[in-house]
Amino acid sequence: MTSPHVPAAQPPPRRRVLVVDDDPTVAEVVASYLDRAGFAVERVADGPSAVARAAAFRPDLVVLDLMLPGMDGLEVCRRIREGGPVPVVMLTARGDEDDRILGLEVGADDYVTKPFSPRELVLRVESVLRRAGSAPAPGPWLRSGPLALDPAARRATRDGTELPLTIREFDLLAFFLRQPGRVLGREELMRRVWGWEFGDLSTVTVHVRRLREKIEDDPARPRLISTVWGVGYRFDPPEGASSGGDGAAEDDAAGPDGGAAGGAGGGSGGTATGAGGTAAGAGSARGPEGGGSGA
């Protein structure tokens with residue numbers, strides 16, 4: 001008697017990444033590393049093609065250069081996001097803070113400054129995708145005044161109207177709601193919300209500013225997220241409002257990629273990729289360093 005044939009388990013579908021860079025050397029190296037990491041990769045070299053291909057390819061994530069012919073990366077990011085929430089990792093050829101902040105302000109989930117280690121970029125891509133598809137943190141709805149946040153559905157509302165939050169903004173708001181009245185330093189927020197042990201603190205500043213624009217009555221005079229000068233930020237619940245949720249969920253706020261930052265540092269052994277080609281050893285693979293100004 002022959003045993004019934006059991007079909008082999010099908011491998012999971014490869015996650016799709018769209019690489020947008022007009023430098024063919026950079027695009028080829030990035031696509032090669034992502035392909036070896038198990039991603040299905042497509043490449044385009046200009047802004048209009050990126051928008052069209054994103055609509056047809058339906059990528060799980062976009063690696064997007066800031067400086068592109070035909071349409072810059074900021075406008076490409078805006079247009080791609082009009083079709084739905086797609087994670088974006090922005091590439092910038094300069095370490096200029098304004099470039100990085102502009103990328104984050106249009107909703108980029110992360111950024112990498114050229115020259116960079118392709119291994120670091122792969123780790124950043126995997127980190128953003130893990131966070132985007134992570135299982136929700138345990139705990140009930142979090143509520144404070146006009147704000148309500150459902151960790152399970154990853155939905156947040158203000159006075160009953162859903163807030164258009166990016167992945168990072170949602171995680172940041174959830175962390176604030178779980179820590180009412182406590183002063184939180186930028187380093188702590190970067191470590192526990194971003195899962196990074198190092199990085200540019202202006203990333204936190206920008207995301208706090210963007211979050212204020214969505215939850216405050218007057219973002220220029222914030223009443224919910226206060227700046228504690230020289231220290232960080234504090235979430236102040238409105239008078240008479242309850243805030244917080246399951247305290248046990250606090251330590252999960254950093255998400256499943258809490259160790260990603262340490263891994264990114266390991267990218268320094270890879271080949272550094274810059275706008276002009278490749279070079280050995282990427283001292284910048286640790287990621288952009290620097291301080292953030294108060295928001």
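**Cores, a pocket and a helix in a predicted model**

Student: Which residues have the most contacts inside the largest nonpolar core?

Tutor: In this predicted model, the largest nonpolar core has 27 residues, and those with the most contacts inside it are L173, F176 and L189.

Student: And which elements give two or more residues to this core?

Tutor: Those elements are β7 (147-150), α6, α7 (186-194), α8 and β12 (232-235), and the largest share, 7 residues, comes from α6.

Student: What does L189 touch?

Tutor: Not counting residues up to four places away in sequence, L189 touches L172, F175, F176, L184, W194, V204 and Y233.

Student: What about E188, buried or exposed?

Tutor: E188, which lies in helix α7, counts as buried because its relative accessibility is 13%, and the cut-off for buried is under 20%. Leaving aside its neighbours within four places in sequence, E188 is in contact with F175, R182 and V193.

Student: OK, where does A54 lie, and what does A54 touch?

Tutor: A54 lies in helix α2 (residues 47-57) and, with residues up to four places away in sequence not counted, touches L18, P59 and I80.

Student: Changing topic, what volume does the largest pocket have?

Tutor: The volume of the largest pocket is about 430 Å³, and of the 18 residues that line this pocket, the closest to its centre are P85, P164, L165, T166 and I167.

Student: Which elements supply at least two residues of the lining, and what is the lining like by class?

Tutor: β8 (155-158), α6 (167-178) and α8 (202-215) each supply at least two residues of the lining, which by class has 10 nonpolar, 1 polar and 7 charged residues.

Student: Last one: what should helix α5 span, and which of its residues are buried?

Tutor: At 1.5 Å a residue, the 15 residues of helix α5 (residues 118-132) should span 21 Å, and this agrees with the model because the end C-alpha atoms of α5 are 21 Å apart. The buried residues in α5 are P118, E120, L121, V122, R124, V125, S127, V128, L129 and R131.

Technical notes:
Residues are numbered from 1 along each chain as its sequence is written. This is a predicted model: local features need pLDDT of at least 70, side-chain atom pairs count only at pLDDT 80 or more; totals for chains, interfaces and linings use all residues. Side-chain values use heavy atoms; hydrogens and water are left out. Helices (H or I, at least four residues) and strands (E, at least two) are DSSP runs, numbered from the N terminus. The expected span of a helix is 1.5 Å times one less than its number of residues. Buried means under 20% relative accessible area, exposed over 50%, partly exposed in between (1.4 Å probe, protein chains only). On a 1 Å grid over the protein atoms alone, a cavity is a set of points where a 1.4 Å probe fits but cannot get out, and a pocket is an open set with protein on both sides within 12 Å along at least five of seven lines; lining residues have an atom within 4 Å of a point. Grid points are joined across faces, edges and corners, and a volume is the space filled by probe spheres set on the points. Ala, Val, Leu, Ile, Met, Phe, Trp, Tyr, Cys and Pro count as nonpolar, Asp, Glu, Lys and Arg as charged, and the others, Gly among them, as polar. A nonpolar core is a set of buried Ala, Val, Leu, Ile, Met, Phe, Trp, Tyr and Cys residues joined through side-chain atoms within 4.5 Å. Contact means heavy atoms within 4.5 Å.
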